[in-house]
Amino acid sequence: MDKFRMIFQFFQSNQESFMNGICGIMALASTQMYSAFDFNCPCLPHYNLAYGLGILLVPPFILFLLGFVLNNNISMLAEEWRRPQGQRGKDPAVLRYMFCSMAQRAMIAPAVWVSVTLLDGKCITCAFCTSVPVETLGNASHPPLSQGEIQRVLARIPCKEIYNGQQLIANEVAVRYLRCISQALGWCFVLLMTMLAFLVRSLRPCFSQAAFLKSRYWSHYIDIERKLFDETCAEHARSFAKVCIQQFFEGMSTDLVAARCHLPRKVPADAGEAAEKLLGITDRGTMNMALKSWHRCKPPLHLHPPALPTGNGWAGEGQPPTHPSMPLRETAAYYSWV
C-alpha cells in the first residue's frame, strides 16, 4: 500500500505527472480492451475490409479524442486561444507547446492499440484475406473458378469452421502468410514510434532549448494562475455566502427580539474576518464586472514595485540613499575643576 500511495502522490505532484499517469492508465486499458474484445470477422467479400480496418483505426481515434477530453489543459488552451487580447498578449509559442504536449500524451493509447492489433494479426487477416496470392500459395491444378467464387472462398479464411477451400489454398498457409505480414508491420510501427520519440527527446534541446523552456514556464504559469484564480473565487464566494447568511439571521433575530423585547445576541467574531476577505466586492454586479474584466483584459505580466516614501524629499529620482538616516543624538559633557 505504501508503494501505491507513493505512486499516487507522484501523480498528484504536478499537472504533467498527473497526465502521464492518466495516459499510462489509458494505455493499459487499451490492451485490456483488446484482449477482452470478441473479434468476429464477417467472412464476406464486401465487409471484411471495412470490419478489419475499422477495428484497427476507429478505436485509436476514439482513444485519441478521449485523451484530449481527460486532459485538463484542453479547456485552458481553448480559453487562452479564444480570450480577447486585453492588457496581456497571447503567445503563439505557448499555445503550440500546450497543444503539442496534449497531442503527444493523447497519442500513447492509440499507438499501443495499433501496435497490439498489428502484432496480433487478426485485423489484417480479416481485412486482406481476399488478397492472398492463390497462384503462389494455392493449388494451381484446382478446377478453374470465377473471380467472384474465388473471392467468396478466400473471404472465409478467417472463419476456420466454415472455410471450404482447402483444395484451393490451405487455411493454415493463408493465415500464417497474413499474420507474418501483420507482425512485420507491427514491429515496423513500434520501431517508427520509438525512433520518433527518441528524435524528439534528443534533438529538441539542440535547437530551441531556450524557447522550449520559456514556453514550458509560461504554460505552467497559466495553469497555476487559473488554479489560484479559482481558489480565490471559491474563497470569496464562501466569505460572501457566510456574510449574507449571517446578515440574514441577524435580521431575523433582530425582528424576533424586537417583537419579544429581548436584547439581540452578540455578533460572531468571525464575521469581520469574512468581511475582510470580500476585498470590497460586496454585491453581485461588482463581482460580475470583476469576472468579465479578468476575462477581457487580464493584468499584464509585470509586477510593479511598491511606492517609495517621499517624506525625506526623495521621490524616486536619482539613487536612493544607501543607509537610512539615523536620528541625531545630543551629548552632554561635564568637567570638574577640583
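Which side chain meets Glu 172 in a salt bridge? That would be Lys 160, at 3.9 Å from N to O, where a salt bridge is a side-chain nitrogen of Lys or Arg within 4 Å of a carboxyl oxygen of Asp or Glu. You're looking at a predicted model, in which local features need pLDDT of at least 70, side-chain atom pairs count only at pLDDT 80 or more, and totals for chains, interfaces and linings use all residues. Residues are numbered from 1 along each chain as its sequence is written, and side-chain values use heavy atoms, with hydrogens and water left out.

**Transmembrane spans**

- An unreviewed UniProt entry lists residues 21-37, 49-70 and 184-203 as "transmembrane region"; such annotations may be inferred rather than shown by experiment.
- Residues 49-70 are 100% helix and 0% strand, and their end C-alpha atoms sit 32 Å apart. Helices (H or I, at least four residues) and strands (E, at least two) are DSSP runs, numbered from the N terminus.
- Residues 184-203 are also 100% helix and 0% strand, with 28 Å between the end C-alpha atoms.

**Salt bridges**

- The count comes to 6 salt bridges.
- One of them pairs Glu 79 with Arg 226, the closest N and O atoms being 4.0 Å apart. This pair links distant parts of the chain, 147 residues apart: Glu 79 is in helix α4 (residues 73-82) and Arg 226 in helix α10.
- Glu 79 is partly exposed at 32% relative accessible area, and Arg 226 is partly exposed at 29%. Here buried means under 20% relative accessible area, exposed over 50%, and partly exposed in between (1.4 Å probe, protein chains only).
- Back to the opening pair, Glu 172 and Lys 160 meet at 3.9 Å. Glu 172 lies in helix α10 and Lys 160 in the loop between α9 (147-154) and α10, so the bridge ties together parts 12 residues apart in sequence.
- Glu 172 is partly exposed at 44%, while Lys 160 counts as exposed at 54%.
- Asp 223 bridges to Lys 227, with the closest N and O atoms 3.8 Å apart. Both lie in helix α10, 4 residues apart, or about one turn of the helix.
- Asp 223 counts as buried at 11%, whereas Lys 227 is partly exposed at 41%.

**Around Phe 229**

- Phe 229 sits in helix α10 (residues 171-260) and is partly exposed at 23%.
- Leaving aside residues up to four places away in sequence, Phe 229 touches Leu 291 and Trp 294; contact means heavy atoms within 4.5 Å.
- Phe 229 and Trp 294 are 65 residues apart along the chain, with their C-alpha atoms separated by 9.6 Å.
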